[in-house]
Amino acid sequence: MSELWIQPTGGALGADVHGVDLSQPISDAVFGRIAQAWGEHLVLRFSGQKLDDPTLMKFSARFGELDRVPIAAVGFDRMDSGVVKEAEEWVAVISSVKKNGKAIGGLGSYELVWHTDMSYNPLPPRASLLYALEVPADGGNTGFLNMYSAYESLSPELKRAIEGKTCIHDSSRNSAGELRKGFQTTLDPRHTPGAVHPLVRLHPMTKRKALFLGRRPGAYIHGLPVEESEKLLNAIWAHATQEHFAWYQKWRASDLVMWDNRCVMHRRDAFDESLRRLMHRTQIVGEPVLAG
Ligand code: OGA
Ligand code: MN
């Protein structure tokens, strides 16, 4: 096997990991270098990997405890998703594919707005690993934002304005910004349902500070009059979502991409709904959110 080699994307974050075959056992030394590269680059891409579900689960579990697939996702008709029996509870399906008019996985083909995965929970996941089985030739790129850089480059005024502040992360909307079943639009963001987290988050491994935002709709900064909260949120979202903090993954089949959900936000471009895109996904259980 060739040498392990880390190649930064040259963008705001992300690196390719070359020279490792994830279908083979990974030594502690090699894993240590991967973990270190992940700390440095936030998003890692492993291309040309042939991964079955048990192997994807095994590799994922080296980064922490595997998270269970959300109950809602189990409602999909996953017969044609390729998920094997022993992986059913641990591997989620992200797909545009429909079987007899019924989705075989989540998130369809629509645009996903900038978000942190499941940050409306008290313990948002640490990481997600997304493995592409089938991808369209065009569209459906996934963007990632470096939230360390977004924090560090805030103006002194904005840094001061958010220092020690917490924010509500709206649990009523999905990553397309749409209202979930059983929820109503909250007109007053002070009453938004969801977990409350510090706006500045200390990463437990790198000890660096990151801006911690979930989704823009429904957000509210605790203790501020609604109008001030809206103004401040608009300013920090406008700052954080600038293109120079972003890097886009253009998918090829057999790419595995993992992101650190503690210091990265992501979004997805829409793609033609008639095109097939099929991903298998694992998620790692998170730890308490530390204020930065
Ligand atoms: C996710 C997600 C993006 C994509 O799985 O959490 O946001 O490209 N997916 O499908
Ligand atoms: Mn997501």
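This report describes the domains, a metal site and the salt bridges of a predicted model.

## Basis of the description

Local features require pLDDT of at least 70 and side-chain atom pairs pLDDT 80 or more, whereas totals for chains, interfaces and linings use all residues. Residues are numbered from 1 along each chain, chains are lettered from A and ligands numbered from 1 in the order written, and side-chain values use heavy atoms, without hydrogens and water.

## Domain arrangement

The protein chain is divided into domain 1 (13-110 + 126-145 + 252-286) and domain 2 (147-240), with bounds from an automatic or database domain assignment. Their C-alpha centres are 26 Å apart. Domain 1 contributes 11 residues to the contact and domain 2 contributes 15 residues, contact meaning heavy atoms within 4.5 Å.

## The interface between the domains

About 1000 Å² is buried between domain 1 and domain 2, with 66% of it on carbon and sulfur atoms; buried area is the accessible area (1.4 Å probe) that two parts lose on being put together, summed over both. On the side of domain 1, Arg262, Cys263 and Met265 lose the most area to domain 2 and together account for 59% of what that side buries.

Between the two domains the count is 0 salt bridges.

## The manganese site

His115 (NE2), Asp117 (OD) and His266 (NE2) coordinate the manganese ion (ligand 2) at 2.1 to 2.2 Å. Donors are N, O and S atoms within 2.8 Å of the metal (3.2 Å for Na, K and Ca); water is not among the atoms, so sites may look incomplete. Asp117 lies in the loop between strand S8 (112-115) and strand S9 (127-134), while His266 belongs to strand S18 (residues 264-268), so the pair ties together parts 149 residues apart in sequence. Strands (E, at least two residues) and helices (H or I, at least four) are DSSP runs, numbered from the N terminus.

## Salt bridges

The model has 16 salt bridges, each a side-chain nitrogen of Lys or Arg within 4 Å of a carboxyl oxygen of Asp or Glu. One of them joins Arg62 and Asp28, whose closest N and O atoms are 2.8 Å apart. Arg62 is in the loop between helix H2 (53-60) and helix H3 (71-74), and Asp28 is in helix H1 (residues 28-41), 34 residues apart.
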